[in-house]
Amino acid sequence: MMAIIDGKALAAATKAEAAQKVQALREKGVVPCLAVVLVGENPASQVYVRGKVNDCAECGIESRSIHMAETATQDEVLAQVRALAADASVHGILVQLPLPAQINEKAVINAIPPEKDVDGFSPVNVGRMQIGEPCYLPCTPAGCIRMIESTGTDICGKNAVVIGRSNIVGKPAAMLLLEKNATVTICHSKTKNLREICAAADILVAAVGRAGFVTGDMVKPGAVVIDVGINRGADGKLHGDVDFAAAAEKAAFITPVPGGVGPMTRAMLMLNTVQAAARQNGLA
Ligand code: NAD
């Protein structure tokens, strides 16, 4: 019997967990605060930022939304990030990507101090994750792990296959699965025998960015399938990387798109922000 992993319900539970922690911090006089910096008018980015601000409100986290002009210079953006870095009432800083072409994304991300890097994208956080030290886990892969564990699946010793090797999803997802003692294979655009490798996966994480990339024959019977892909189809609807109907016939558990990894990613950001506030006040 296949079961759908309900990302919305899990996200709601995760946000409730964050809200409880916020309450405990507020009782100690700490009000967690997330600053979100948006540069320019990218419509998708505007939607994401609004979502994050709403999530904060839902969890009792304060938010500061800073909207800079499309024409903002590198120095202006850096100055803004540095001001937030120096502001003790701000615990998490998130710069919404992508940034306009005149701005060096790396330089901006590097200006976020590691203790406020709630996206977990800065080199120090990535390094800490790699060696298993306390850090902020990148929200999408950390959400994937929660979703897998929500099924009662013990990741230890399982064959896990991640399709995609981006710095924000594929690589950290593989690393977190390894941390949980899975035997991990990373597939990418140059991988040979991708079908066979995927078909042997007990846990399959698809982060490719191509609608319907994972077909039914690539899914092992009884597998846990996590679909990270968000692809806007010609029909205007969102589609995952997995052919859901075909995969659902084989999988034991599968995430839908929409309503799967997306909401969970947002919820994980709330947990990271709460953690940041606790750590910066010596309460974690
Ligand atoms: P990316 O483009 O940076 O990386 C895609 C990866 O897929 C690359 O590593 C590439 O090697 C691999 N790939 C491409 N073509 C392939 C092929 N034919 N065979 C095997 N591998 C191939 O993308 P990303 O940022 O990692 O995002 C992946 C998808 O996840 C996108 O659809 C994106 O929108 C989505 N996404 C969703 C969330 C969420 O919250 N749900 C968050 C981030 C990204």
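In the predicted model, the side chains of R266 and D55 meet in a salt bridge with an N-to-O distance of 2.8 Å, the term denoting a side-chain nitrogen of Lys or Arg within 4 Å of a carboxyl oxygen of Asp or Glu. This pair links distant parts of the chain, 211 residues apart, with R266 in helix α10 and D55 in helix α2 (residues 43-59). Helices (H or I, at least four residues) and strands (E, at least two) are DSSP runs numbered from the N terminus. Nine salt bridges are found in a search of the whole structure. Side chains of opposite charge can pair when their charged atoms come close.

Residues are numbered from 1 along each chain as its sequence is written, and side-chain values use heavy atoms, with hydrogens and water left out. Because the model is predicted, local features need pLDDT of at least 70 and side-chain atom pairs count only at pLDDT 80 or more, whereas totals for chains, interfaces and linings use all residues.

The ligand is surrounded by 22 residues, the closest being R165, S166, V228, I230 and T265; a residue is counted if one of its heavy atoms lies within 4 Å. By class, this shell holds ten nonpolar, ten polar and two charged residues, where Ala, Val, Leu, Ile, Met, Phe, Trp, Tyr, Cys and Pro count as nonpolar, Asp, Glu, Lys and Arg as charged, and the others, Gly among them, as polar. Helix α10 (residues 261-280) gives the most to the shell, with three residues.

Polar contacts (pairs of N or O atoms within 3.5 Å; within protein, one must be able to donate a hydrogen and the other to accept it, and residues adjacent in sequence count only if both atoms are side-chain atoms) involve several of these positions. A polar backbone atom of R165 is 2.8 Å from an oxygen atom of the ligand, and an N or O atom in the side chain of S166 is 2.5 Å from a ligand oxygen. For N231, a polar side-chain atom lies 3.5 Å from an oxygen atom of the ligand. The protein covers 72% of the 860 Å² of accessible area that the ligand has on its own, as given by the Shrake-Rupley method with a 1.4 Å probe; for residues, only the protein chains shown count as cover.

I230 lies in the loop between β8 (224-227) and β9 (231-232). With Y48 and L238, I230 forms a nonpolar surface patch with about 280 Å² of accessible area together. Patches comprise residues with over 30% relative accessible area and no salt bridge, like charges being joined within 9 Å and nonpolar side chains (Val, Leu, Ile, Met, Phe, Trp, Tyr) within 5 Å.

Most residues other than glycine have a negative phi, and most peptide bonds are trans. A cis peptide bond joins L97 and P98, with omega about 0°; P98 is placed in the loop between β4 (92-95) and α4 (105-110). Another cis bond joins V257 and P258, with omega about -5°, and P258 lies in the loop between β11 (253-254) and α10. N181, not a glycine, has a positive phi of about 70° and is located between α7 (170-179) and β6 (183-187).
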